[in-house]
Amino acid sequence: MTKPIYILNGPNLNLLGQREPEIYGSNTLTDVEELCALACKKQGYGQVFKQTNIEGELVDHIQEAGAKGAALILNPAAYTHTSVAIFDALKTLTIPVIEVHISQPAARESFRQISYVAQAAKGTISGFGINSYLLAIKAVILTLDKA
Ligand code: CA2
């Protein structure tokens with residue numbers, strides 16, 4: 001049985017499509033989940049898609065991805081820039097981890113210039129709106145096919 005691709009989302013991303021459309025677009029997180037499910041299915045993978053506003057819960061989900069997933073696509077949201085706990089959790093994983101952002105943090109405020117996650121990720125895709133997730137699925141497939 002092929003393991004699923006985990007797609008995990010951090011705090012406030014449940015508000016996607018409801019606020020700040022000029023930065024994050026007008027699609028909802030449910031739209032993202034449906035688009036990703038389709039993209040994963042096309043490649044022969046199932047997906048596990050989750051969002052949480054709680055740091056410890058995100059750590060739990062990362063650990064679950066490590067045990068049960070083929071790969072992890074992670075948008076840690078604001079925890080990208082703050083969380084040693086998430087960095088430590090990611091360092092324990094042996095599956096590919098792709099960091100994803102809807103916006104381009106490098107072009108935003110100075111506090112977004114640091115990513116604790118990037119050091120534990122195979123790569124980062126950011127700035128393409130919700131297409132960042134679809135590009136990350138492509139990156140996962142290319143990575144897994146090569147393995
Ligand atoms: O661009 C991204 O995907 C971010 O991970 C989004 C985070 C931000 O802290 C990161 O620097 C970059 C913020 C997520 C908040 O999501 C909202 C969505 C709609 C309305 C308000 C917030």
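Reply: Let's start with I7. Leaving aside neighbours within four places in sequence, I7 is in contact (heavy atoms within 4.5 Å) with C36, Q47, V48, F49, K50, I73, Y133 and I137. Bear in mind that this is a predicted model, where local features need pLDDT of at least 70 and side-chain atom pairs count only at pLDDT 80 or more, while totals for chains, interfaces and linings use all residues. Residues are numbered from 1 along each chain as its sequence is written, and side-chain values use heavy atoms, with hydrogens and water left out.

I7 also belongs to the largest nonpolar core, which has 26 residues. A core here is a set of buried Ala, Val, Leu, Ile, Met, Phe, Trp, Tyr and Cys residues joined through side-chain atoms within 4.5 Å. Buried means under 20% relative accessible area, exposed means over 50%, and partly exposed is in between (1.4 Å probe, protein chains only). I5, I7, V32, I73, Y133 and I137 are the members that touch the most others. Two or more residues each come from β1 (5-9), α2 (29-42), β3 (71-75), β4 (97-101) and α5 (131-146). Helix α5 gives the largest share, six residues. There is a second, separate core too, with 19 residues, including V59, L72, Y79 and V97.

Now slide along to N9, which lies in strand β1 as well. N9 is buried, with a relative accessible area of 0%. Again leaving aside neighbours within four places, N9 is in contact with L29, F49, K50, Q51, T52, L58, N75 and Y133. F49, K50 and Y133 turn up in the list for I7 and in the one for N9.

Zooming out, the protein has five helices and five strands, arranged along the sequence as β-α-α-β-α-β-α-β-β-α. Those are DSSP runs numbered from the N terminus: helices are H or I with at least four residues, strands are E with at least two. Among contacts between residues at least 6 apart in sequence, 76% join residues at least 24 apart. Buried residues make up 44% of the 147. The C-alpha trace spans about 40 × 30 × 25 Å along its principal axes.
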